Amino acid sequence: MCKVIYVKLKKFFLKKTNKLVIHNNMSKKSKEKQAHLLLLLAGTTSILIVLSIMLFLFKEAAPFIIDNGVSELIGTHWRPVSFQKELFGILPLISGTLIVTMLAACSAVPLGVCGAIYIAEIANKTEREILKPCIELLAGIPSVVLGFFGLVVVVPFVKDFFGLETGLTALTGASLLAFMAIPTITSISEDAMGNVPKSYRDASYALGANKAQTIWHVTIPAALPGITAAIMLGIGRVLGETMVVLMVTGNAAIMTFSPFSPVRTMTATIAAEMGEVPFGSSHYSALFCISVVLMFFTFIFNMIAQKILNRQQNV
Amino acid sequence: MFRNYIQSISFWALRIITYLIVLAIFFIFFDIAWNGLPAISWAFLTEFPRHSGTEGGIFPAIIGTFLLVSGTMLTAMPLGIASAVYLSEYAKPGKLTRFIRLAIVTLAGTPSIVLGLFGLGFFVIFMDFGTSILSGSLTLACMILPTIIVSSEEALRSIPESFREGSLSLGATKWESIYKNVLPCAVPGILTGGILGIGRAAGETAPILLTVAAFYLPKLPSSVYDQVMALPYHLYILATQHPDTGKVLPLQYGTAFILIMLVLVINIIAITLRSYFRKKYKW
């Protein structure tokens, strides 16, 4: 009799615990599914953000295109506030961006690549441990601080050195922008040179080349895709830089190809004029059109760089 | 022998160029420190600005930057870590994953002023948050999200497969093994990425130019919908739009010094943490 009761009680409790175990396993499964879903949603936020950025830019730029047409933008005068007709030609702004970017690239690319070659191949271990963090610290300097430094130190220097009327020129802006591009170029080029297989260098040494010949004839050509990607990413960064050019290049929306004249870039235009523009006016939409063009340029540069890097990784 | 001469000359040229770059970095830092240190005093750090910024301190700007950075981190860290976990653990190679990576790269390359414009149009006007800490933090979060995702994903990928395999073989589910086994080990790398993100968010001006920053506020913000002063914006206005440039120069240098010290200290902490953990966890 006691045995029967004991067996029945045991069965009862086992059923309960089995149910608990089954319930636990089922809730674990649904927890799994919930976790997977939440993470998927989090993963797609980046896509959502980028899509909404593009959507918004196009939505706010559209009124200008619909009212005035694209030919209005292809003009050589940017005079958005005027008693006579307002002119929205963005060619001076594009030329300003291009001058400043090209000048910055001319100094940043050689300096950055040379620095990368030295750090990756020639420096010994202790030097590398000091130099790499230094370059990373340069990358961390806020752009306002660099612009401020340019304003108080570089601008008077350029004015005195070249004997100009004002030191706020494309050249000053370009030299400061080079500072912003050098860390990007250096670190990515250095990664690219580190990824060159050791066997390449060993084969070159085995054939009798010394270190400089190996670097020049073997390592650099092998790392060339990565170095090109680094240059494109650096230029992309320079294209989108706002505060330095706003403070230092003089903000004159004229079409010129001289490095000694003040210019105005697309980024500076957006930053400077956005605060004072009446919401919904054609000036407002024109500023969004500029940002569409800007986004397009940086997108192209970054895509090319990314494709080169991906191809290199797959190889 | 000739080629050895070429080698020595070229190596020395490269050495000089590299050290010139380092010299320029230190020149910038020392110029700001030399001129900014005299302007720093306890009063400078704890008082409110007076006479439209020509006297007094920058206390509200420091508080404002601190609030903005906290809001940004609260939004960006969970989202970024979750995205990184999805990308490294759950994502299958396919169209969706490719699009996500494309989106991250695009977001990383967007100019900061375009993000500021997006923040203005979307958070301030469309969602009607107004120029507030909320809009500013969300815009800054969009900006540093790629940084956090990339560094967290690297941290997660550096953990050997054996951790996950061991946990799974003992009967844990996938989410359990990630949550309890892999993530705690990846915390150092994630932390480093977060600290670098803080450094970037503290120093950026363009996103907050249009969405949150004000130059002269009489009191500290009381709610998340208030405008706030911020260090980078304060420096920008002092340097370019203040009518009394002579009087304000020491304050400009002081603000620049505080900002650069803040960002430098944050970056040095991140770099030290990273090398410490790299040496410690040699797996």
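D128(B) is exposed, with a relative accessible area of 62%, where exposed means over 50%, buried under 20% and partly exposed in between (1.4 Å probe, protein chains only). This residue sits in the loop between α5 (112-126) and α6 of chain B; helices here are DSSP runs of H or I with at least four residues, strands are runs of E with at least two, and both are numbered from the N terminus. The phi of D128(B) is near 60°, a positive value in a residue other than glycine. Most residues other than glycine have a negative phi.

The model is predicted: local features need pLDDT of at least 70 and side-chain atom pairs count only at pLDDT 80 or more, while totals for chains, interfaces and linings use all residues. Residues are numbered from 1 along each chain as its sequence is written, chains are lettered from A and ligands numbered from 1 in the order in which they are written, and side-chain values use heavy atoms, with hydrogens and water left out.

Chain A also has a positive phi at a residue that is not a glycine, N251(A), with a value of about 55°. N251(A) is found in the loop between α8 (243-248) and α9 (266-273) of chain A. With a relative accessible area of 27%, N251(A) is partly exposed.

Seven of its eight residues are buried, so α9(A) is largely enclosed by the rest of the structure. The buried residues are M266(A), T267(A), A268(A), T269(A), I270(A), A271(A) and E273(A).

In chain B, helix α6 (residues 133-157) contains E153(B). The relative accessibility of E153(B) is 8%, so this glutamate counts as buried. Leaving aside residues up to four places away in sequence, E153(B) touches A84(B), L87(B), S88(B) and R101(B), contact meaning heavy atoms within 4.5 Å.

As a whole, chain A has ten helices and two strands. Starting at the N terminus, its elements run α-β-β-α-α-α-α-α-α-α-α-α. The C-alpha trace spans about 115 × 70 × 35 Å along its principal axes. Chain A has a radius of gyration of 29 Å, whereas a compact globule of 315 residues would have one near 20 Å; the radius is taken over C-alpha atoms, and the globule rule is 2.2 Å times the number of residues to the power 0.38. Of the 315 residues, 50% count as buried. Among contacts between residues at least 6 apart in sequence, 69% join residues at least 24 apart.

The two chains meet through 75 residues of chain A and 77 residues of chain B. The area buried between them is about 6,700 Å², and carbon and sulfur atoms give 80% of this; buried area is the accessible area (1.4 Å probe) that two parts lose on being put together, summed over both. The rule finds one salt bridge across this interface, a salt bridge being a side-chain nitrogen of Lys or Arg within 4 Å of a carboxyl oxygen of Asp or Glu. It joins the side chains of E136(A) and R274(B), at 3.1 Å from N to O. On the side of chain A that touches chain B, helix α1 (residues 2-68) gives the most, with 19 residues.
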